[in-house]
Amino acid sequence: MMKLVMGLGNPGEQYKNHRHNVGYMILDRVAKKLNVELDIKKKKTVFGKGKSGKIEYLLLKPQTFMNLSGEAALYMASFMKITVENIIVIYDDTDIAIGEFRVIPSTNDESEGDLDNSDIDHNGVISIRKSLKSYNFTKIGVGISACPEDEEKADFLLAPFTKDERKKIRDISENIVEAVCTALFESPQAAKKKYSL
């Protein structure tokens, strides 16, 4: 069985520590824990391969920029014959306080999944939904808190974490990595029950 874990972000050094790139940051930590090198470059992606028992998996960073993340998802899902419910997407979530995260598992019931997901306002997640023509992938939202009212959302997302925010992300990152691994090797439902809000 092949599975895919995607960390969302924007490629390039200038975006490296921005709030919008927390998906990349967490994926790097997952790769380190699983001893996977993210060193394969193919058509709009950078990824690494791993295997545990009967489960083969890819850890992937889209190189399309955030708003076109779905192109990378569709390419890899088609190329490697990965079903939508075996895809896990890690993204930054402005609906969650910094220092918290949530797991929204894929389901066997597409309509049920849509009810649980319809309020996610994230261009990368929306792009993946449109490209895959489904929302039935597992989403792990890492809280970055809401954009202040006096600030443009794009400016907020494309700005570095403050020192205090970096500490809160560091403090919770181990739990997020464990949740990703639980979703990958056990089930998304187990990850939600054990770790999520």
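Predicted model: local features only at pLDDT ≥ 70, side-chain atom pairs only at ≥ 80, totals over all residues.
The structure contains four aromatic pairs. One of them joins phenylalanine 65 to tyrosine 15, with 5.9 Å from centre to centre and 80° between the planes, an edge-to-face arrangement. The two residues are 50 residues apart, and their pair links distant parts of the chain. Tyrosine 15 belongs to the loop between β1 (2–7) and α1 (22–33), while phenylalanine 65 belongs to the loop between β4 (55–62) and α2 (69–80).

## Tyrosine 57 and phenylalanine 185

Tyrosine 57 and phenylalanine 185 have ring centres 5.5 Å apart and planes at 80°, so this pair is also edge-to-face; the planes need to be over 60 degrees apart for that class. Here strand β4, which holds tyrosine 57, is linked to helix α6 (residues 163–185), which holds phenylalanine 185. The partners are 128 residues apart, in distant parts of the chain.

Tyrosine 57 has a relative accessible area of 4% and is therefore buried. For phenylalanine 185 the relative accessible area is 25%, so this residue is partly exposed.

## Lysines over aromatic rings

Two lysines are placed over ring faces. Lysine 61 lies over the face of tyrosine 24, 5.0 Å from the ring centre. Lysine 139 lies over the face of phenylalanine 137, at 4.1 Å from the centre of that ring.

Definitions and conventions. Residues numbered from 1 in each chain as written. Heavy atoms only, no water. Phe/Tyr/Trp six-rings, centres within 6.5 Å; stacked < 30°, edge-to-face > 60°. Helix = DSSP H or I, 4+ residues; strand = E, 2+ residues; numbered from the N terminus. Buried < 20%, exposed > 50% of the residue type's maximum accessible area, 1.4 Å probe, protein only. Lys NZ or Arg CZ within 6 Å of the ring centre and 35° of its normal.
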